[in-house]
Amino acid sequence: MDNDMYGHVNNVNYYSYFDTVINQFLIEKADFDPVTSKQIGFIVKSSCEYLRPVAYPQKLTGAFKVMRVGTSSVDYAVGIFNEDNILSAIGYLTHVFVDRSTQKPMPITGKLLEAMTLALV
């Protein structure tokens, strides 16, 4: 899965990169535990702008910002930069936070809301 038949990272892999960047933020900045947290996030909307191809084994960097915080949802933008620090793709994603048991939306509160608000651009 590193490079596709055209010699670059296939577009589907970018969504995995976006997920990793967002989850790293949630774990490190919001004390989010994806295994035990009462509240979990579902991606309900996503899109990607592909600006230039990258190829394995280039080292990539992800950058993250919160675009909007709602009652139970958050909009993110995630940039993927190539090894020359040139923006290669931008992902736009919406998380809705739900109760783990009922899977019904619930308000973002506490450390999660604090981290989202601090990352709001």
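A nonpolar core is a set of buried Ala, Val, Leu, Ile, Met, Phe, Trp, Tyr and Cys residues joined through side-chain atoms within 4.5 Å, where buried means under 20% relative accessible area, exposed over 50%, and partly exposed in between (1.4 Å probe, protein chains only). The structure examined here is a predicted model, in which local features need pLDDT of at least 70 and side-chain atom pairs count only at pLDDT 80 or more, while totals for chains, interfaces and linings use all residues. Residues are numbered from 1 along each chain as its sequence is written, and side-chain values use heavy atoms, with hydrogens and water left out.

The largest nonpolar core holds 24 residues, and those touching the most other members are Leu 26, Tyr 76, Phe 97 and Met 116. Two or more residues each come from α1, β3 (73-81), β4 (87-99) and α2; these elements are DSSP runs numbered from the N terminus, helices being H or I of at least four residues and strands E of at least two. Helix α1 is the biggest contributor, giving 6 residues to this core. In soluble globular proteins, nonpolar side chains tend to be buried together.

Helices α1 (residues 11-29) and α2 (residues 110-118) also meet as a pair: their axes come within 10 Å and cross at roughly 120°. Axes here are lines fitted to C-alpha atoms, for helices over the stretch in contact, with angles running from 0 to 180 degrees between N-to-C directions. The two helices are therefore oblique to each other, since angles under 35 degrees count as roughly parallel, over 145 as roughly antiparallel, 65 to 115 as roughly perpendicular and the rest as oblique. On the α1 side, Phe 25, Leu 26 and Lys 29 meet Lys 111, Leu 112, Ala 115 and Met 116 of α2, contact meaning heavy atoms within 4.5 Å. By class, this contact has 5 nonpolar, no polar and 2 charged residues; Ala, Val, Leu, Ile, Met, Phe, Trp, Tyr, Cys and Pro count as nonpolar, Asp, Glu, Lys and Arg as charged, and the others, Gly among them, as polar.

Most residues other than glycine have a negative phi, and most peptide bonds are trans. Between α1 and β1, Asp 31 has a positive phi of about 50° and, at 59% relative accessibility, counts as exposed. Gln 103, in the loop between β4 and α2, likewise has a positive phi, near 60°, and is partly exposed with a relative accessible area of 49%. Finally, a cis peptide bond with omega of about 15° joins Tyr 56 and Pro 57, and Pro 57 lies in the loop between β1 (39-50) and β2 (61-69).
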